[in-house]
Amino acid sequence: MSRRRIAFLIVSTLIAAACSREAPAPSAKSTKAPPPDLSTAKIDKTLIPDAALDFVAGSMLGSLLDRDGNVLGDKSTFRKGDRIALTMRFRESPLGLRASAVFGEKYGKDLVTQQKDMNGAKVVTFMIPKGLPPGQYRVTGYWGGNVAVEREFQVTK
């Protein structure tokens, strides 16, 4: 045999050995149990992820407003006839965002619902100018369809 043939056989053998495939090792997924089926599970707890609350920078409930129409001092007790205003400050205001507030009885029906298109603004104020009769109330502020703020307050005589 010539040297060329011997060199060709050696190179061919090395290439063939390098190209041979071994069986892949079993993946980690195949050793784990499948996740449980929770489609029929009864869940009696409302879960709110912490990330959902990151879009709210702050909120204030009160009756005194600054010259821009934002609440100055935070309080939870009002007198009959006092205006009641909720100011929310958002971290982000994406295009098309609509903020809203729902004022209602503490354990009852909704009384007043207001909505505003944000148009890039990050601060919004919702107000009931004539106040509410004495009682226990709540207000829920929304960032789009997400609950941003939930506050309880009372109106006295």
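The model is predicted, with local features taken at pLDDT of at least 70, side-chain atom pairs counted only at pLDDT 80 or more, and totals for chains, interfaces and linings drawn from all residues. Residues are numbered from 1 along each chain as its sequence is written, and side-chain values use heavy atoms, with hydrogens and water left out.

The chain holds 1 helix and 8 strands. Helices (H or I, at least four residues) and strands (E, at least two) are DSSP runs, numbered from the N terminus. From that terminus on, the order of elements is α-β-β-β-β-β-β-β-β. Of the 157 residues, 25% are buried. Buried means under 20% relative accessible area, exposed over 50%, and partly exposed in between, with a 1.4 Å probe and protein chains only. The accessible surface comes to about 11700 Å², and 55% of this area belongs to carbon and sulfur atoms. Areas were computed by the Shrake-Rupley method with a 1.4 Å probe; for residues, only the protein chains shown count as cover. Among contacts (heavy atoms within 4.5 Å) between residues at least 6 apart in sequence, 58% join residues at least 24 apart.

An open sheet is formed by 5 strands in the order 2-8-7-4-5, with mixed pairing. Two strands pair if DSSP finds at least two bridges between them. Strand 2 (77–79) and strand 5 (110–117) stand at the edges. Each has a single partner strand, so one side of each lacks a neighbour in the sheet. Neighbouring strands of this sheet are turned by 25 degrees against each other on average, direction ignored. Strands 4 and 7 pair in the antiparallel sense over 7 bridges. Gly104 stands opposite Arg138 in strand 7.

The largest nonpolar core has 24 residues. Such a core is a set of buried Ala, Val, Leu, Ile, Met, Phe, Trp, Tyr and Cys residues joined through side-chain atoms within 4.5 Å. Ile84, Leu86, Met88, Phe90, Phe103, Ala148 and Phe153 touch the most other members. Elements giving two or more residues to this core include strand 1 (56–62), strand 3 (84–90) and strand 8 (146–156). Phe90 touches Phe55, Ala57, Leu97, Ala99, Met118, Lys122, Val124, Tyr142, Trp143 and Ala148, not counting residues up to four places away in sequence.

Asn119 lies in the loop between strand 5 and strand 6. Its phi is near 50 degrees, a positive value in a residue other than glycine. Asn119 counts as exposed because its relative accessibility is 71%.

Definitions and conventions:
Axes fitted to C-alpha atoms, helices over the stretch in contact; angles between N-to-C directions.
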